[in-house]
Amino acid sequence: MKKFLWFVFILVFVPLGRASAGDEFLRAMKDEMARSKKELRLAGNPDPYYIVYRIKIIHTPFVVKANMGSLYRTETNSRPVVNSGVLLSSGNEKQDSFGVEGNHWFTKRDVGQSYAALRHSLWELTNEAYLTASDLYARKEAYRRRKAAGKTNVDFIPGEQSVYTEEPPQLPALDKEQLQDFAKALSAKGKNLRDVYDFYVELSPEQAERYFLNNLGGQVRYGWAAVTATWKALFRTQTGYNLQLERQVIFDASSDWQPRLEKAIDEFIVHLQKMQSAQTAEAYIGPVLLMPAAAAQMWERTFVKNMIEFSPLVASDGTETSGGSFKDKIGLRVVSAEVDVYDKPFLREYNGWRLKGFTIRDDEGVTPKELTLIKDGYLREIPTSSRPFKKGIQSNGHGRSLQEFPRETLTNMVVVPHHPLSQEALESRLLEMCRAQELAYCYIIHDLSEDILERDMMERIYTSDGHKEPVMGLEIETTFSPRLLRDIRAAGDESSVLNTKQNISIVTPALLLEEMELVPTDKKPERPPLVPKP
Amino acid sequence: MKKFLFFFLLLFPFTVQAQQNCSVEKQKPIQLLTAELKRGFKVLKKQNPPIYYLSYTLQDEISQGVWVTQGGIEKIWDQAHFALTVFPRVGNSQLDNTRTLKKGQTFYGLIKKDVPGVEGDGKAFTNAVWLLTQQAVEWAQEDYSAVQADAHISSERLDDSPDFMFPPKETFCREQNFSQFDLERITQLLLKASKRVNGKSFVLSSSFKFSNDYGYRYFVDSVGTRLKTPSQLVRLTYSIEGQTEDGTELSRGKSYDVLTEEELPSEEDFLAAVDRSILELEQQIKAPDADPITVPAILQNKAMGVFVHEVLGHRAEGHRQKEDSFGRTFTDKVGQPIVSSLLTIVDDPTLPYFNGEPLRGFYEYDSEGVKAAPALLVENGVLKNFLMSSSPIHRFAKSNGHGRAEPGRRPVSRMGNTRVIASKTVSYEDLEKQLLEQIKEQGKPYGIIIEDLSGGFTITETFAPQSFKLEPTFMYRLYPDGRKEVVRGADIVGTPLVSFKEVLAAADDYAVFNGSCGAESGWVPVSAIAPSVLLRALELEKTQKTAQKLPILPPPSSEVNP
């Protein structure tokens with residue numbers, strides 16, 4: 001029996017031991033970089049002066065998918081996938097090829113897993129990137145010649161470089177069968193719900209490693225282990241709309257994520273059932289309570305958008321684009337004094353939720369500094385990169401890039417309230433504000449995403465007795481300008497996390513806002529299914 | 001004629017090998033699909049507009065493989081697919097939602113989605129079937145409204161045949177032991193092969209791949225057809241690429257289609273083939289650029305297979321005779337000679353092997369549940385028939401089992417195994433001698449021998465020239481003195497009615513080209529079997545070159561010890 005158990009352990013559990021390939025990858029990166037720096041030349045064009053190699057290795061040992069209590073046949077990727085990327089600038093620090101809009105992408109592709117394959121890929125990508133850089137350099141030079149003001153800044157002031165190596169965390173041993181049973185059980189929660197047509201759960205464990213190398217001496221290696229949970233439901237509301245709701249959460253793999261996922265799915269079902277029973281709504285102007293997810297979306301659309309990418313780019317037609325507007329607002333009061341806002345690059349997780357903004361070195365090899373963005377409502381510090389947008393600016397380690405060259409951006413943005421209130425207290429404050437405006441009810445908003453389906457559902461809270469009622473069919477007419485940030489009147493004591501598409505993590509509690517405008521939509525209901533659900 | 005019959009009989013023993021060996025009624029996916037189809041169809045046929053036909057195709061497949069690029073494993077996969085395609089027909093068989101719009105774009109996509117397994121009570125599976133049916137019916141009803149409107153506002157159709165002929169009811173069930181392959185051994189072989197490019201600075205990239213796709217297809221429809229059929233496609237392939245200074249992109253490669261591990265090439269043979277391809281690539285890079293010219297030519301057997309597929313095969317597809325947007329090159333030519341009288345052409349999907357080589361175009365039932373059958377397209381040069389799906393055309397009302405589609409697409413008539421049979425053959429050596437005679441007789445500076453084609457395309461619609469273009473990957477000039485010279489950078493072009501007429505001779509070296517064919521109904525595996533032929537004239541034109549400069553530095557693999 002013992003022997004059998006040992007066998008089961010070997011066959012079913014998935015430990016990941018795969019560190020030795022790293023040295024080979026690093027060697028390939030160094031060798032190709034040295035060759036490129038020394039030999040890559042194109043007559044009549046400036047030499048390459050700044051080269052970055054990045055690789056990302058992702059190992060997804062298996063994916064578990066279930067629907068209505070039954071498993072899908074699962075896909076298995078038994079080996080890691082390696083993705084390589086190259087960024088190259090030609091010219092020199094005074095004048096280089098970066099800064100032209102839309103054409104200087106971080107060239108990347110999947111590669112075979114060996115020294116030879118990675119070198120080959122880096123060779124191809126470096127060649128491609130150098131030809132692009134030569135083209136962009138010429139365009140940028142033409143632009144500068146046209147501009148009367150000419151050049152006032154240097155293009156690049158490299159920050160201090162260092163070598164950072166961290167053994168990536170191992171994905172904890174995962175029992176695939178147990179995860180399958182878990183996914184089945186989670187998806188079965190939707191099986192007998194009224195008018196729920198589809199209830200899908202997907203669990204995807206992942207171990208990842210990142211390597212960074214530049215020709216200035218910056219070298220970084222680190223990784224993470226996470227479990228991504230995705231779940232979605234297709235259902236019909238009593239007012240006749242067919243809706244699909246979807247959620248995705250990335251858990252730190254070492255956290256106690258399973259009970260938290262189950263709780264999140266239970267809350268999702270409650271939310272879904274509220275949507276099913278929601279009534280249609282009328283136009284509204286007044287105070288609103290943004291729950292943490294909605295508050296994070298509000299920060300993204302008003303604050304983050306203006307706190308990144310300060311250096312204007314030269315557009316393809318030769319004009320300049322605008323950079324984030326907060327670069328000119330340091331010292332001004334831009335947010336309500338109710339909250340402070342920090343940028344904390346070294347936070348890996350918040351309450352077990354993985355933070356995609358975690359940055360040990362930025363994408364220019366510089367160690368990031370923690371920033372106090374907002375103190376008592378005033379803008380104190382802003383993120384900077386090695387590309388100064390005005391004289392005297394130096395990098396504070398916030399040059400990050402997803403696909404383009406690194407630009408100023410945030411990492412983990414954390415909102416800290418001065419006077420955190422419980423949910424109950426927040427709702428009381430909301431009702432007080434509504435009564436003061438003689439409103440019969442006001443609104444609690446759960447979602448402000450661009451997706452109209454999601455943000456359709458809101459809750460009315462009545463001033464008479466505080467009872468709540470779900471409603472649907474409202475759109476937000478309020479403009480998402482930074483002005484909205486000054487309307488924050490109170491904040492909650494529990495935060496949640498939003499990982500944005502730009503890999504910025506926003507950690508924020510619920511926020512009480514002075515005013516928002518909501519208007520009904522004109523969406524028409526759908527006919528019921530022709531054949532009843534089996 | 002005798003010779004044709006001989007070949008036909010030679011094929012026949014293979015066609016009867018597929019025997020039922022299971023009971024289709026006992027298959028759980030069939031049971032669940034049938035129950036849901038019956039439950040739904042009872043209601044759906046009473047709708048306005050009615051659903052008058054409904055089919056479910058369930059793909060239960062495993063896909064395994066390994067992909068090695070530039071000396072490293074890029075991907076190893078082992079994936080299961082359990083996907084359902086729902087195909088409702090709305091309206092009636094005379095006019096339904098599948099009719100091609102005269103004004104506007106016709107969409108050939110169907111609802112296809114992964115579904116939960118049938119294990120346990122099967123309720124999740126049944127629920128998914130119900131949900132996808134609902135979505136598919138909504139799409140189909142919308143399409144039908146568009147078809148009705150189009151019928152009112154558009155000019156009359158040249159062929160007003162019905163949109164659908166109900167296929168006969170069929171039941172069939174076959175299970176098979178799918179061949180398994182030693183992936184570890186094959187991976188090591190591919191890694192070893194990928195190292196052969198080391199030290200060759202002209203090889204800019206290389207890729208080596210093995211794939212094994214196998215599983216069952218379950219088919220259920222409202223006529224009562226119930227099918228379970230197996231399929232397995234196994235391929236070992238590689239490609240080695242380079243480029244000339246002037247931007248001509250070149251590649252050499254080879255594919256091995258097999259069904260068992262024993263049929264794979266030995267390590268020695270495989271590595272020798274790779275070495276040969278590297279050598280040929282180098283020859284091509286050093287070769288002169290071809291000139292636009294019309295000269296006598298030999299299309300070697302595999303190249304001839306592709307030629308027939310593109311130039312004639314697509315134009316013999318039934319639906320291309322029906323829709324007004326097509327050129328209908330052969331529609332009114334049944335009974336007339338359309339190619340050299342030397343040639344007979346038959347499409348026979350029931351053929352699993354030819355000369356010991358597996359054929360990718362083999363299948364037992366088509367995507368509409370119709371039993372596969374040989375279709376004699378051309379007999380001694382005379383057009384006899386078309387490839388037919390369940391969409392009737394003028395004078396051809398019934399399907400001959402060629403309604404094919406990639407899962408998730410609507411079937412149209414497609415090729416399977418297209419076979420060219422020559423009534424008179426010579427040895428290949430004699431064919432080259434005849435080419436030399438033609439060069440001299442026509443006073444041409446040289447002739448062309450096309451050894452290999454990567455593929456090509458043909459335009460069958462009226463909005464553009466109804467021509468074809470084929471891309472040779474390896475060809476020679478043959479000079480009057482018998483000297484051969486590799487050339488590169490030319491495509492074959494032409495129009496269908498002219499190109500086939502002047503086949504002067506054929507060799508006895510029949511060979512198989514296994515490939516995949518893309519058209520409205522997606523990608524389907526196909527084969528072409530043909531002999532080498534001598535053409536009185538073949539037109540070559542310059543191929544497209546890339547603007548991409550050669551890499552500034554040589555590839556790292558060209559270093560002595562990469």
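Analyst: Two strands pair if DSSP finds at least two bridges between them. The model is a predicted one, and the pairings below are judged by that criterion.

User: What makes strand 18 of chain B and strand 20 of chain B a pair?

Analyst: Strand 18 of chain B is joined to strand 20 (residues 490-494) of chain B by three bridges. Pairing requires at least two bridges, and therefore the two strands count as paired. They run antiparallel, and Phe468(B) stands opposite Gly494(B) of strand 20.

User: Which other strands pair with strand 18 of chain B, and over how many bridges?

Analyst: Strand 17 (residues 447-458) of chain B is joined to strand 18 of chain B by 10 bridges, in the antiparallel sense. Here Thr458(B) stands opposite Phe468(B). Strand 19 (residues 484-487) of chain B is also antiparallel to strand 18 of chain B, with four bridges, and Met475(B) faces Val487(B) across that pairing.

User: Why is strand 18 of chain B called largely enclosed?

Analyst: A residue is buried if 20 or more other C-beta atoms lie within 10 Å of its own. In strand 18 (residues 468-478) of chain B, eight of the 11 residues are buried, so the strand is largely enclosed by the rest of the structure.

User: Why is Tyr479(B) called partly exposed?

Analyst: Tyr479(B) has 15 C-beta neighbours inside 10 Å. Tyr479(B) belongs to the loop between strand 18 and strand 19 of chain B. Its C-alpha atom is separated by 6.5 Å from that of Gly447(B), 32 residues apart along the chain. In the hairpin of strand 18 and strand 19 of chain B, with five residues between the strands, Gly482(B) takes a positive phi near 90 degrees.

User: How do you know that helix 4 of chain B meets helix 5 of chain B, and how do their axes cross?

Analyst: Contact requires C-beta atoms within 7 Å. Leu189(B), Lys192(B) and Ala193(B) of helix 4 of chain B meet Glu267(B), Phe270(B), Leu271(B) and Val274(B) of helix 5 of chain B. By class, the residues of this contact are five nonpolar, no polar and two charged. The axes of helix 4 (residues 183-194) and helix 5 (residues 267-286) of chain B come within 10 Å and cross at roughly 30 degrees. The crossing is right-handed.

User: What shows that the two domains of chain A touch?

Analyst: Chain A is divided into domain 1 (11-226) and domain 2 (279-521), whose centres, taken over C-alpha atoms, are 28 Å apart. By the contact criterion, 32 residues of domain 1 of chain A are in contact with 26 residues of domain 2 of chain A. Strand 9 of chain A gives the most to the domain 1 side, with four residues. That side has 17 nonpolar, 10 polar and five charged residues.

User: How many residues does each chain give to the contact between chain A and chain B, and which element of chain A gives the most?

Analyst: The contact takes 39 residues from chain A and 43 residues from chain B. Helix 3 of chain A gives the most to the chain A side, with eight residues. The chain A side divides into 16 nonpolar, 12 polar and 11 charged residues.

Definitions and conventions: Residues are numbered from 1 along each chain as its sequence is written. Chains are lettered from A and ligands numbered from 1 in the order in which they are written. This is a predicted model: local features need pLDDT of at least 70, side-chain atom pairs count only at pLDDT 80 or more; totals for chains, interfaces and linings use all residues. Axes are lines fitted to C-alpha atoms, for helices over the stretch in contact, and angles run from 0 to 180 degrees between N-to-C directions. A crossing is left-handed if the near helix is turned anticlockwise from the far one by less than a right angle, and right-handed if clockwise. Ala, Val, Leu, Ile, Met, Phe, Trp, Tyr, Cys and Pro count as nonpolar, Asp, Glu, Lys and Arg as charged, and the others, Gly among them, as polar. A residue is buried if 20 or more other C-beta atoms lie within 10 Å of its own, exposed if 12 or fewer, and partly exposed in between; C-beta atoms are placed from the backbone. Domain bounds come from an automatic or database domain assignment.
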